[in-house]
Amino acid sequence: MTTAETQEPPTLTRLRQFVREADNGFNTRLPPERELCQRLETTRSELRKALAVMESEGRVWRHVGRGTFIGARPVLNLEDVAFLGELASPAQVMEARLAIEPPLARLAAMHGVKSDFERIEAQCRRCRDAREWRAYEAADDALHNAIAVATHNKLLVNLFDRLNTVRRATVWGQLRSSRLPPRTHVSFAQHEDIARALWTRDADGAENAMRVHLVSVRDRVLASLAR
């Protein structure tokens with residue numbers, strides 16, 4: 001554990017744990033501030049300081065009148081998403097992911113902290129535990145977002161979020177032969193290879209593992225679309 005982590009305010013530590021446990025990958029909304037203060041046994045002032053830190057890290061985002069949500073703030077409006085989704089084919093989206101995400105994994109290995117790696121590891125488990133494809137895809141999305149956030153580079157997180165938003169808006173039309181991912185789904189082990197490299201701060205290994213994973217996803221997706 002780093003010195004910065006050991007000295008962080010107790011409310012922030014408790015909030016991090018609460019968010020990790022509450023995150024189900026579906027743009028989860030946190031409880032209202034009054035309820036959250038009671039759960040975390042803190043004051044509203046301390047809670048708001050902790051939320052501000054986590055928002056600056058891209059772990060939560062706040063919408064006036066709607067509440068606080070887990071994850072990175074959406075950066076595109078619906079019109080932008082629709083427009084870019086129409087411009088990008090699945091193959092182009094995968095090319096963009098291969099250009100951006102392996103270097104992000106490298107930077108995450110270099111700059112991530114223990115709490116980042118714990119969040120990534122938790123999403124790996126959620127991918128394995130998913131009981132339907134929708135739950136798997138949400139956990140997979142959260143995993144890749146967590147890797148981007150672990151770079152601690154706000155500009156790169158913003159760029160990743162734009163790409164990820166377009167990816168979600170692109171019509172893939174994949175055929176699913178089962179209700180849930182098979183226990184032997186190749187992405188499980190690939191995700192864990194990435195997480196292992198991050199934990200050991202193996203920047204080359206993290207970048208290569210992410211590239212192997214995305215090439216596998218690309219080949220599988222494009223083959224499915226060609227049927």
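1. Contact here means heavy atoms within 4.5 Å. By that criterion, and leaving aside neighbours within four places in sequence, A108 touches F117, I147, A150, T151, L198 and R201. The model is predicted: local features need pLDDT of at least 70 and side-chain atom pairs count only at pLDDT 80 or more, while totals for chains, interfaces and linings use all residues. Residues are numbered from 1 along each chain as its sequence is written, and side-chain values use heavy atoms, with hydrogens and water left out.

2. A108 belongs to helix α6, residues 90-111 (helices are DSSP runs of H or I, at least four residues, numbered from the N terminus). Its relative accessibility is 0%, so A108 counts as buried (under 20% relative accessible area, 1.4 Å probe, protein chains only). Between A108 and A146 the C-alpha to C-alpha distance is 9.2 Å, with a separation of 38 residues in sequence.

3. Four aromatic pairs are found in a search of the whole structure (rings of Phe, Tyr and Trp, the last by its six-membered ring, pair if their centres lie within 6.5 Å; planes under 30 degrees apart count as stacked, over 60 as edge-to-face and the rest as tilted). One of them joins W133 and Y136: the ring centres are 5.7 Å apart and the planes stand at 90 degrees, so this pair is edge-to-face. Both residues sit in helix α8 (residues 133-149), three residues apart, about one turn of the helix.

4. Y136 also pairs with F188, with centres 6.1 Å apart and planes at 70 degrees, so this pair is edge-to-face. Because Y136 is in helix α8 and F188 in helix α10 (residues 186-199), the pair ties together parts 52 residues apart in sequence. Y136 is buried at a relative accessible area of 6%, and F188 is buried at 1% relative accessibility. W133 is buried as well. W133, Y136 and F188 make up one aromatic cluster.

5. Helix α3 (residues 33-40) and helix α4 (residues 44-56) have axes that come within 10 Å and cross at roughly 95 degrees (axes are lines fitted to C-alpha atoms, for helices over the stretch in contact, and angles run from 0 to 180 degrees between N-to-C directions). The two helices are therefore roughly perpendicular (65 to 115 degrees). On the α3 side the contact is made by E33, R34, L36, C37 and L40, and on the α4 side by R44, L47, R48 and L51. These residues divide into five nonpolar, no polar and four charged (Ala, Val, Leu, Ile, Met, Phe, Trp, Tyr, Cys and Pro count as nonpolar, Asp, Glu, Lys and Arg as charged, and the others, Gly among them, as polar).

How values were computed. Buried < 20%, exposed > 50% of the residue type's maximum accessible area, 1.4 Å probe, protein only. Parallel < 35°, antiparallel > 145°, perpendicular 65-115°, else oblique.
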